[in-house]
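This report walks through one structure for a reader who is meeting it here. Please look at the sequence and the model before reading on.

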Amino acid sequence: MALFRFSPTLDPINALLNLQRELERVVDNPLGLDLGLSGRGVSPAVNVFSERDGYVVRMEVPGMSPEQINIESHGRTLTLSGKRDSGAPQGGSFHRRERSSGQFSRSLQLPADLDLSRAEASYKQGMLTVRIPKKEEAKPRQITIKAA
Amino acid sequence: MTNQELTPREKQELTRDEQTRPGRTYVPDVDIYETADSLWLWADMPGVDEHSLELNVADGVLAIQGRVALQDYDNLAPVYTEYNVGNYARRFTLSNEIDAEHIKARMTNGVLELELPKTERAKPRRIAVAAS
C-alpha cells in the first residue's frame, strides 16, 4: 500500500490540498474495510490510517484533558469514550453556543492482525491519536535470498 | 444537561472568502460568553498550536486564522475517514465597546480562548441612589 507524504517541506503549496484530496477519496470510495463502526454522522468523527507497522486511529476532541478520555480494548474492539465539560463560567450569559459538550463513546472493530495489547495513545492539540501495531508475525519482513 | 450525548455536528466549510492557498478552510465552532467586564470567546481548532495561529484586529474586525500541522499525517495512508482536515478561519465584527488593545489570547489543547475586555465606558455601573 502506498504511504503518502504530506510534508510541507516537500511541497509547501499543495501539501494540505493533497492530504484533503486523499481523505476525500477514501470518504467517497471506502476501501472495503469493515470496522463495525456505529456509523457516520456520529460525533466525534474518527479517521483511520494505516502505516508501515500498524494502524493509526485519530479523533478530534479539543479542550479535554487526558484524564477525561477513556480508551479500552476488548478482543478486537477498541472503544474511545469520554466526557467533554461545557466549562460554563459563572456570572454571565452566552451569546453563542456552538461547541458541543457531553458524553461520547465510539467503538471500532479492528483487523485481526493488530495487537491491541501494545496500543499507545497520545493527546496533542485536541487530537487524540491511538497507534496500534501489527502483530509481530503480520509485520512486513525482509526475505533474504539464499545462495544456491 | 450534563448527561446529554455529544450532538453530531459536521465541520463547516468556509465558502465565502477565498483563500490564497489551495485547500479547504473550516469555520471553527465558537462559544461567546459575556460577563460584566469582558466578552469571552472559545474556538475549537484541533490540530492548531499557538505558533500557527494568527489573530488580527483591523477596522473593528477580529480575524482568527489557524493552520493545521501536516507533519502528523506523514507516512499515513487513510483507510477509513469521516472528517477532513484543513485550516481554520473566522471573522467577527467587534463593537466599539471592546478595548482592542487589551485582548488576551491563550491556546490550550486545540481550544483558543480570547478575553475581549470592555472599554471602561461600556462597563456596567451601579449608580447609588442617595436617600433624600
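This is a predicted model: local features need pLDDT of at least 70, side-chain atom pairs count only at pLDDT 80 or more; totals for chains, interfaces and linings use all residues.

Residues are numbered from 1 along each chain as its sequence is written, and chains are lettered from A and ligands numbered from 1 in the order in which they are written.

**Chain B**

Chain B has zero helices and 10 strands, where helices (H or I, at least four residues) and strands (E, at least two) are DSSP runs numbered from the N terminus. Its radius of gyration, which is taken over C-alpha atoms, is 19 Å, whereas a compact globule of 132 residues would be near 14 Å; that expectation comes from a rule of 2.2 Å times the number of residues to the power 0.38. Along the principal axes, the C-alpha atoms of chain B fill a box of roughly 80 × 40 × 25 Å. Of the 132 residues in chain B, 29% are buried, a term that asks for 20 or more other C-beta atoms within 10 Å of the residue's own, with exposed meaning 12 or fewer, partly exposed meaning in between, and C-beta atoms placed from the backbone.

Strand E5 (residues 53-58) of chain B is hardly covered, since the count of buried residues among its six residues is zero. Six bridges join E5(B) to strand E6 (residues 61-66) of chain B, and the two run antiparallel; within this pairing, which requires that DSSP finds at least two bridges between the strands, Asn56(B) stands opposite Ala63(B). The hairpin of E5(B) and E6(B) has two residues between the strands, and Asp59(B) there takes a positive phi near 50 degrees.

**A sheet across both chains**

An open sheet of five strands has the order E7(A)-E8(A)-E2(A)-E1(A)-E7(B), with antiparallel pairing. Strand E7 (120-124) of chain A and strand E7 (77-81) of chain B stand at the edges, each with a single partner strand, so one side of each is left without a neighbour in the sheet. Inside the sheet, seven bridges join strand E2 (residues 54-60) of chain A to strand E8 (residues 127-133) of chain A, and Tyr55(A) has Ile132(A) in E8(A) as its bridge partner.

**The nonpolar core**

Tyr55(A) returns in the largest nonpolar core, which has 42 residues and in which Tyr55(A), Val57(A), Leu41(B), Ala43(B) and Leu112(B) have the most contacts. Such a core is a set of buried Ala, Val, Leu, Ile, Met, Phe, Trp, Tyr and Cys residues joined through C-beta atoms within 7 Å. H1(A) gives the most to this core, with five residues. Leaving aside neighbours within four places in sequence, Ala43(B) is in contact (C-beta atoms, placed from the backbone, within 7 Å) with Pro28(B), Val30(B), Ile64(B), Arg90(B), Val111(B) and Leu112(B).

Definitions and conventions
Two residues are in contact if their C-beta atoms, placed from the backbone, lie within 7 Å.
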